[in-house]
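Colleague: Before I use the terms in your description, I would like to see each one set against its cut-off.

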Amino acid sequence: MTDKLSPAQRLIKAQAKAEILTEALPWIKTFSGATIVIKYGGNAMISPELQQTFADDISFLRFAGIRPIVVHGGGPQISTMLDRLGIESEFVAGQRVTSDEAIDVIRMVLSGQVNRSIVSRINEHGSAAVGLSGEDGDLLLATPASVEVDGELTSLGRVGNITSVNTQLLHDLLDSGRVPVVCSIAAELGTSGDNPLNINADLAAAAIAREMQADKFIMLTDVPGLYADWPDTDSLISEITPAELREMLPKLDSGMIPKMTAALDAVDAGVKQVHVVDGRTAHSVLLEVFTDLGIGTLIADVKPAKGGTND
């Protein structure tokens, strides 16, 4: 297609691009060499266009000198496959109850389908991405989880709570210029053989951010951020302290509780900035990291200065 813009129009367009790059410069300087954990999930994984913009964002981070780690779930894909196979899904406290039958399907979908797709898209910009299951190299070890419902502990089946993260494996990959792409399946601690556990992807990403002492933890969701009074869309919270979030936690929608619990776990462990961002917005990762605008909800004790950190 022939460019029909006049020379003056082309100049204006080029200047606009230059302004965007200039705005990104202090953030690139600040975060060069930083470790950023990105939890990828929800509808951002369904749209082919959003899949590609996410992969482009991750590649941009790497070429900007940042060390990204992608941790993903695959709830929509898992639900589709379980429905196709006639396996019922039940959610308790925002987590999927996982039977012995379901865990094999979940592992197949996450490791064999979703992970491969993400890695392939990122690697369109070079062979940097490396797909991993939490079972690989004992990257994620976990114990069976239960949750409290109406004052009673309820088993979630083959669902786990992470007890350890093999940070050396992740550091080795990052140091060699790789992008780890981790699916949220763990090996069961203290067992031998084939004993996978399904891990809530928000909690898996938070555990990795915590143990890696990440500089930033970004959680992509299907909403613009955290609301003070859902479903009132005018109550979106742009910034909140951990203490304020902890007070709100019991009142949140059940689907948001694991995400906010994950955010608090990360901040409490020393991760400086946790961002809850709408993954349905194209290039949401770049908008959060490299622009003055900022989107979604920031969870931190102190608001970062422009082009700076919370140090």
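This is a predicted model: local features need pLDDT of at least 70, side-chain atom pairs count only at pLDDT 80 or more; totals for chains, interfaces and linings use all residues.

Modeller: Residues are numbered from 1 along each chain as its sequence is written, and side-chain values use heavy atoms, with hydrogens and water left out.

Colleague: Why are α3 and α4 called oblique to each other?

Modeller: The axes of α3 (residues 75-84) and α4 (residues 100-122) cross at roughly 130 degrees and come within 10 Å. Angles under 35 degrees count as roughly parallel, over 145 as roughly antiparallel, 65 to 115 as roughly perpendicular and the rest as oblique. The pair α3 and α4 is therefore oblique. Axes here are lines fitted to C-alpha atoms, for helices over the stretch in contact, and angles run from 0 to 180 degrees between N-to-C directions. The helices (H or I, at least four residues) and strands (E, at least two) are DSSP runs, numbered from the N terminus.

Colleague: Which residues of α3 and α4 meet?

Modeller: With contact meaning heavy atoms within 4.5 Å, Q77, I78, M81 and L82 in α3 meet A102, V105, I106, M108, V109, L110, Q113 and V114 in α4. By class, this contact has ten nonpolar, two polar and no charged residues. Ala, Val, Leu, Ile, Met, Phe, Trp, Tyr, Cys and Pro count as nonpolar, Asp, Glu, Lys and Arg as charged, and the others, Gly among them, as polar.

Colleague: What makes E188 and R158 a salt bridge?

Modeller: The term requires a side-chain nitrogen of Lys or Arg within 4 Å of a carboxyl oxygen of Asp or Glu. For E188 and R158 the N to O distance is 3.1 Å, so the pair is a salt bridge. E188 lies in strand β9 (residues 185-188) and R158 in strand β7 (residues 152-165), 30 residues apart.

Colleague: Is E188 buried or exposed?

Modeller: Buried means under 20% relative accessible area, exposed over 50%, partly exposed in between (1.4 Å probe, protein chains only). E188 is at 15% and therefore counts as buried. R158, at 16%, is buried too.

Colleague: How do you know that R280 is partly exposed?

Modeller: R280 has 39% relative accessibility, so it counts as partly exposed. Its salt-bridge partner D278, 2.9 Å away between the closest N and O atoms, is buried at 9%.
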